[in-house]
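Colleague: I would like to go through some of the labels used for this structure and see where each one comes from.

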Amino acid sequence: MVQPRDAAQAAKPVERSVPRADAAASMRFRRAVVDRAMQGVLGLAAASSIAVTLGIVYILISESVPFFRAVGLKTFLTDTMWTPQFAVPRYGIVPLLMGTLVTTMVALAVALPAGSIIAIWLSEFAPARLRETVKPVLELLAAVPTVVYGYFALLFVTPLLQRLWPDLPTFNMLGAGLVMGIMIIPYVSSLSEDAMRAVPMLLREGSFAVGGNKIVTATRVVFPAALSGIAAAYVLGISRAVGETMIVAVAAGQQPLILDPARPLDAMNPGQPGATITAFIVSVSLGDVQHGEIGYQAIFAAGLTLFVATLGFNVAGYLLRKRFRQAY
Amino acid sequence: MVTAGLGTMDRPGAEQVEVREAALREAWSAWPGVASGRHVPPPIKADVRSLSFWYGKVQAVKNVSIPIADRRVTALIGPSGCGKTTLLRCFNRMHDLYRNTRYEGQIVLHPSGTDIIDRGVNPIEMRMRIGMVFQKPNPFPKSIFENVAFGLRMKGFRGRSEIADRVEAAIRAAALWDEVSDRLRKPAYDLSGGQQQRLCIARALATEPEMVLFDEPTSALDPVATARIEELVQSLKERVTVLIVTHNMQQAGRVSDFTAFMYLGEMVEFDRTEKVFQNPGKQLTEQYISGRFG
Ligand SMILES: Nc1ncnc2c1ncn2[C@@H]1O[C@H](COP(=O)(O)OP(=O)(O)OP(=O)(O)O)[C@@H](O)[C@H]1O
Ligand SMILES: [Mg+2]
């Protein structure tokens, strides 16, 4: 019989002399100290990540306050133009938000179906050996620097699209969104696949036992059973799309959409150049705005908007996960 | 033939009864105990002939032969690991889902004469004819209604009202209707464990199978829920043949008409349940039943 260590140690002092008991006591004391110290270090690490987050939020808000004082929240949310570099600058966030929305939608139109189908195939159909080779290869997609994707969109995908639509401008949101979608596929597929594989075999057997085939079992039993995990994967994909910077900055052009209140749907056309919130932020940081200028503070206002949007998605994801949580 | 009218079917003459009994005794002739004395055995629904099964190189079922009586309950008992589940899962070819498994022998399903184990038999069709209820309730992440309708949809039923009727009939047959009739569209996960298990029974019954397999269906349930399932299993034999694996000897005694005792993958004894429990033919059976091992 192998005895647990603590039991063995506790047993020793009984048969040994008093000094040994002292040694055991000091040993126990030392261990308690190390224990406390480790707890402190880990606690500090956790606290520092919270501190950094709070710091970021603080800077975003404190730098945005003067901006909102000067421009006004209402103008920021309702003005239809974003032209900080003009002689008479205008600061309406909607054109940038629309740019983010359109590129995100295009990306998700690629990433969610493709990611889901790949996840279903990997989890339910691919032989184990093949799965173990395909997964890392797929995850490489996420490791490619995004600037490379940007040029891939600009120099390869857009020319290809231009063969179909000769009118398509060189910088456009369609190409950028499609490539962004490809980049996001592994985020969606990998998490979704993990969720599907966690579904117990018993549930699959239940489906086969009433005459289900593999496809029915995968799509109508396993997929819904894994929905909470898959929803989390989708939310991660959305966050990645909203926050993606280099691809859109390189391939979508950096000029904000022009909103025509008479024809609001024109802005939804991905076959035109557009700037997203993130693309605006990098473009400014590459320019020569001075610290303290309103153009500089606009970055933080835009960043804050992005932060709020992403926070919203994460909260939505959390609620979704709770809603669909299944006890197998 | 003129004599084969309805009247004669209703009240068969003594002669015909004798012919039928003789045929049944003949069918059971390999099991003299069952057909002994005044006991007239039922028709055989499924005939397991020299069935063997392997997980890779491990042989879990060894040359087993047993008859499964039509519209009766047959219990499989035996100590843990003796191959009860493995044998049960041969009936709906569940092992086909996994690699490296091998069957040998036959399970002939009457009256069609289909050999379930035959390579040419489509396991999916087989599973629509032979339902299964598992050790733990495993409802799908769907509504109560859709759980039961699932098999019907697989079988190709499309009409809304027809599906609704069959779902209701199955839920009633599973003695669950009164508890769920007002919440058929609610998730099945909201039900209690015992209700979920009865829902799984309804799911298995919906396609009107000829036979239903139960693998220790009450092992995850409390005594009250267990009693309800046992009652249900017995009521089922009006319409289907039941094969049930159980660890619980009292349960086997209460619900079954026939009992097969397995040990180390082999069939040790098969007979009418009273016979097996009151006067077992083999010493091993006697030892197991009296609780000396297992
Ligand atoms: N998937 C498998 N792969 C390999 N061997 C298996 C597998 N499943 C079961 N076995 C073996 O086959 C034998 C029979 O197992 P089986 O599950 O049929 O027993 P059982 O009688 O149902 O037992 P229990 O009463 O514990 O459920 C056991 O020795 C078991 O170890
Ligand atoms: Mg078992």
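Colleague: Why does B:Arg49 count as partly exposed?

Modeller: Its relative accessibility is 35%. Buried means under 20% relative accessible area, exposed means over 50%, and partly exposed is in between, with a 1.4 Å probe and protein chains only. B:Arg49, at 35%, therefore counts as partly exposed. Before going on: this is a predicted model, in which local features need pLDDT of at least 70, side-chain atom pairs count only at pLDDT 80 or more, and totals for chains, interfaces and linings use all residues. Residues are numbered from 1 along each chain as its sequence is written, chains are lettered from A and ligands numbered from 1 in the order in which they are written, and side-chain values use heavy atoms, leaving out hydrogens and water.

Colleague: What makes B:Asp47 buried?

Modeller: Its relative accessible area is 16%, so B:Asp47 is buried.

Colleague: How do you know that B:Arg49 and B:Asp47 meet in a salt bridge?

Modeller: A salt bridge is a side-chain nitrogen of Lys or Arg within 4 Å of a carboxyl oxygen of Asp or Glu. For B:Arg49 and B:Asp47 the N to O distance is 3.4 Å. Over all chains, the search finds 26 salt bridges.

Colleague: Which salt bridge joins A:Asp194, and at what distance?

Modeller: A:Asp194 pairs with A:Lys135 at 3.2 Å, N to O. A:Asp194 is in helix α7 and A:Lys135 in helix α5 (residues 128–143) of chain A, 59 residues apart. Helices here are DSSP runs (H or I, at least four residues), and strands are likewise (E, at least two), numbered from the N terminus. Both residues belong to a network of salt bridges that also includes A:Arg131, A:Glu132, A:Glu193 and A:Arg197.

Colleague: Is A:Lys135 buried or exposed?

Modeller: A:Lys135 has 15% relative accessibility and so counts as buried. A:Asp194, at 40%, counts as partly exposed.

Colleague: At what angle do the axes of α6 and α7 of chain A cross?

Modeller: They come within 8 Å and cross at roughly 130 degrees. That makes α6(A) oblique to α7(A). Angles under 35 degrees count as roughly parallel, over 145 as roughly antiparallel, 65 to 115 as roughly perpendicular, and the rest as oblique. Axes are lines fitted to C-alpha atoms, for helices over the stretch in contact, and angles run from 0 to 180 degrees between N-to-C directions.
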